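Please examine the structure shown below.

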Amino acid sequence: MTLGYIIAATLFGGVLSVVIAAALTVGVLSRIVKSLVSLSAGVLLGTSLLHLLPEAFESDAGADRLFATLLAGLLFFFLLEKVELYRHSHHHEGDDPHHHHAHGFDAEQAGRGGWSVLLGDSIHNFCDGLIIAGAFLADPTLGWVTALAVTAHEIPQEVGDYIVLVNAGFSRSRALLYNALSGAAAVAGGLIGYFLIRPWEDVFPYLLVVAASSFVYVAVADLLPQLQRRLHLRETLAQVLWIAVGLAVALGAMALKHAA
């Protein structure tokens with residue numbers, strides 16, 4: 001049953017993001033992706049700080065080793081980002097408020113590095129699959145909460161990838177196909193994680209901390225900086241509202257976990 005949950009959860013995020021990208025025009029996607037970024041920042045921070053870390057610290061693992069794992073995780077994802085394999089900037093054509101980029105910047109950048117973006121996202125998705133598998137093995141409810149947080153981040157990321165690929169000259173169907181194949185790496189990560197991690201219950205708390213470090217890093221280093229720009233009061237309030245909705249989703253999931 002746990003293996004079925006892992007496969008379903010890893011499929012869900014990738015399929016949902018592709019369905020959203022397929023159903024909407026590029027113009028609409030460009031407008032909603034900013035709200036999705038705010039929402040996912042709230043979900044990731046809420047899940048990592050209210051679910052994963054408390055669950056890990058309730059175990060018999062020493063606090064000093066768990067904090068060391070948290071530090072190592074943050075540095076690890078920082079180094080992965082430095083080699084541009086963990087994530088890429090969610091820049092979209094025309095979204096620079098200071099107009100530092102010329103028209104066609106996205107097409108130029110994606111044309112040079114579109115395949116590296118897809119490779120990096122595949123590795124990212126594979127790591128997400130490992131994280132989801134570890135969370136399900138620790139506790140099924142925690143697994144669903146973790147999968148929700150991963151999905152919240154995957155939707156704006158995959159939508160952003162789709163926009164970049166389309167701007168680079170990929171056809172709509174080709175961009176969707178490559179995004180779907182990239183998302184399938186999460187299923188591979190989940191399967192490998194299930195069979196490799198399952199016999200080692202003592203490492204579950206550390207995997208939860210690694211998952212938390214991933215979520216915190218993505219939220220603080222990737223998502224929140226995108227929101228830190230001078231905006232009209234209405235747009236700022238919308239950002240805060242969507243972050244609050246994301247936190248509320250995480251809190252609601254925590255309440256369901258305690259009720260289970």
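V245 counts as partly exposed because its relative accessibility is 31%, the class between buried (under 20% relative accessible area) and exposed (over 50%), with a 1.4 Å probe and protein chains only. V245 lies in helix α8; helices are DSSP runs of H or I with at least four residues, numbered from the N terminus. The model is a predicted one, in which local features need pLDDT of at least 70, side-chain atom pairs count only at pLDDT 80 or more, and totals for chains, interfaces and linings use all residues. Residues are numbered from 1 along each chain as its sequence is written, and side-chain values use heavy atoms, with hydrogens and water left out.

Together with L148, L241, W242 and V249, V245 forms a nonpolar patch on the surface, with about 390 Å² of accessible area in total. Areas come from the Shrake-Rupley method with a 1.4 Å probe. Helix α8 (residues 233-259) supplies the largest share of the patch, four residues.

Helix packing can be followed around α7 (residues 204-227). The axis of α5 (residues 140-167) comes within 12 Å of that of α7, and the two cross at roughly 25°. α5 is therefore roughly parallel to α7, the class for angles under 35 degrees. The axes of α3 (residues 63-82) and α7 come within 8 Å and cross at roughly 45°, which means that α3 is oblique to α7.

Notes:
Patch = residues over 30% accessible without salt bridge, like charges linked within 9 Å, V, L, I, M, F, W, Y side chains within 5 Å. Salt bridge = Lys/Arg side-chain N within 4 Å of Asp/Glu carboxyl O. Axes fitted to C-alpha atoms, helices over the stretch in contact; angles between N-to-C directions. Parallel < 35°, antiparallel > 145°, perpendicular 65-115°, else oblique.
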